[in-house]
Amino acid sequence: MGDATKWEEHQYRARIKEDMSASVRTIFAARFAPASSDILATASSHGNVSLYSISSCIHNKPISLNESNLQQVADPLLSLQGHDGPAYDLKFFGEGENSVLLSCGDDGRIHGWHWRDIVKATNQLSKTGNSLEPAFVFVNPQHKGPRRSLSPMPETNALDTDTQGSSIFSATGNGLAYSWDIETGKIKMVFEGHSDYLHCICARSSHNQVITGSEDGTARMWDCRNGQCTAILDPWKAIKLTSITNEKSPWVSCMAIDPTENWLVCGNGGKCVTLWSLPGLDAVTRIATLAIPQAITVANDQIVMVGAQPHLSRFNYGGKIISQVACAPLSAFSVSVQPSGITVITGFGGLVDVLSEFGSHICIFRCR
């Protein structure tokens, strides 16, 4: 038995509070660091932007989804100065050591850190008690109302980038999307037309276009040169709209463009995924899903999806399911696939699940 006289109540209380907080934390986004399959950047519901080493969490043998494996807690290599409120998305702008890590969140701000500064800080700072401030911060505009009153600050829900155009694209809670100049921090273009807030955004750089998905049930394609809407898609009905009606389809929850930028895949609140051929703006495949898709990507000519169920699903372009693998988060909000086939899923409970190209669990850990 231990010595009860050395028991520290305040430490015990702090530990219990930390464990309770971790159990309800959600990791909304995770991205692999440039040219690395080990360092993972995460964005959490607590506003934290943190870096973790996957190799430090890898087990010596394959693991299963039992309760003990879901309790492994990992300390971050480095915590960056996060957001006031949840951090919703992460993106890397550029490549290699010259890249910039971008985050956005509920406070309506976009934070940017130079990757070389992050690497330097990781080598110099201790693992706790330190936070690297962003190199720049972009703030969503607030509109002036009567008597010069300002509208509430809209949150930023999603990001994408165009390195050739030096642009950052953001999807916000007031139904607007913005194109930011990363060099000056100024807004280059405003994309206005949705009737409700935006969930997702994708850049189609080869055609100077950006595509947004909204709570209003539509996906819109925009010309980045003049800010004009060039097409309106209804992913639920799998049709291109010629006019807007009062009938509202389920929200567009997530979207992704394949590496060739010829295919667009959209998930929506009606529990389905639609695949679009962008050259002709035709819906070629409609896939019914068991739960609402919450994150989606295209890798190796496969549609990779996670959502409001503890499974990772892969489909071919024809809509046939290739595989379905159980994952750790009961509700997943992010999926990233490396060229090697390694897949990272994050979501509720602060859980990160790393899968091999064959679907086995390489490691599972809970973010501290």
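**Entry 1**

I began with F93, which stands opposite V100 in β7. I noted that the model is predicted, that local features need pLDDT of at least 70 and side-chain atom pairs pLDDT 80 or more, and that totals for chains, interfaces and linings use all residues. Residues are numbered from 1 along each chain as its sequence is written, and side-chain values use heavy atoms, with hydrogens and water left out.

I then looked up the pairing of β6 with β7 (residues 100–105): six bridges join the two strands, which run antiparallel. Strands pair if DSSP finds at least two bridges between them. Strands (E, at least two residues) and helices (H or I, at least four) are DSSP runs, numbered from the N terminus.

**Entry 2: the sheet**

I traced an open sheet of four strands, in the order β6-β7-β8-β10, with antiparallel pairing. β6 and β10 (136–139) stand at the edges; each has a single partner strand, so one side of each is left without a neighbour in the sheet. I recorded an average twist of 20° from one strand to the next. Helix α2 packs on the sheet and touches β6, β7 and β8 (109–114), its direction making about 65° with that of β8. Here axes are lines fitted to C-alpha atoms, for helices over the stretch in contact, and angles run from 0 to 180 degrees between N-to-C directions. Contact means heavy atoms within 4.5 Å.

**Entry 3: the nonpolar core**

I turned to the largest nonpolar core, which has 18 residues; L51, L80, L90, L101, W113, W115 and I118 touch the most other members. Such a core is a set of buried Ala, Val, Leu, Ile, Met, Phe, Trp, Tyr and Cys residues joined through side-chain atoms within 4.5 Å. Buried means under 20% relative accessible area, exposed over 50%, and partly exposed in between (1.4 Å probe, protein chains only). At least two residues of this core come from each of β2 (39–44), β3 (49–53), β5 (78–80), β6 (87–93) and α2 (115–124). For L51, leaving out residues up to four places away in sequence, I listed contacts that include I39, P76, L80, W115 and I118.

**Entry 4: two polar residues**

I found S53 in strand β3. S53 counts as buried because its relative accessible area is 11%. Its side chain makes a polar contact with the side chain of S55 at 3.1 Å. A polar contact is a pair of N or O atoms within 3.5 Å; within protein, one must be able to donate a hydrogen and the other to accept it, and residues adjacent in sequence count only if both atoms are side-chain atoms.

I located N268 in strand β21 (residues 263–268). N268 is buried, with a relative accessible area of 0%. The side chain of N268 reaches the backbone nitrogen of G270 at 2.7 Å. Beyond four places in sequence, N268 is in contact with residues among them W236, W251 and I292.

**Entry 5: aromatic pairs**

I counted 10 aromatic pairs. Rings of Phe, Tyr and Trp (its six-membered ring) pair if their centres lie within 6.5 Å; planes under 30 degrees apart count as stacked, over 60 as edge-to-face and the rest as tilted. F28 and Y88 form an edge-to-face pair, with 5.3 Å centre to centre and 70° between the planes. This pair links distant parts of the chain, F28 in β1 (residues 27–32) and Y88 in β6 being 60 residues apart. F28 is buried at 19% relative accessible area, whereas Y88 counts as partly exposed at 22%.

The ring centres of Y178 and W180 are 6.1 Å apart and their planes stand at 55°, so the pair is tilted. Both Y178 and W180 are buried.
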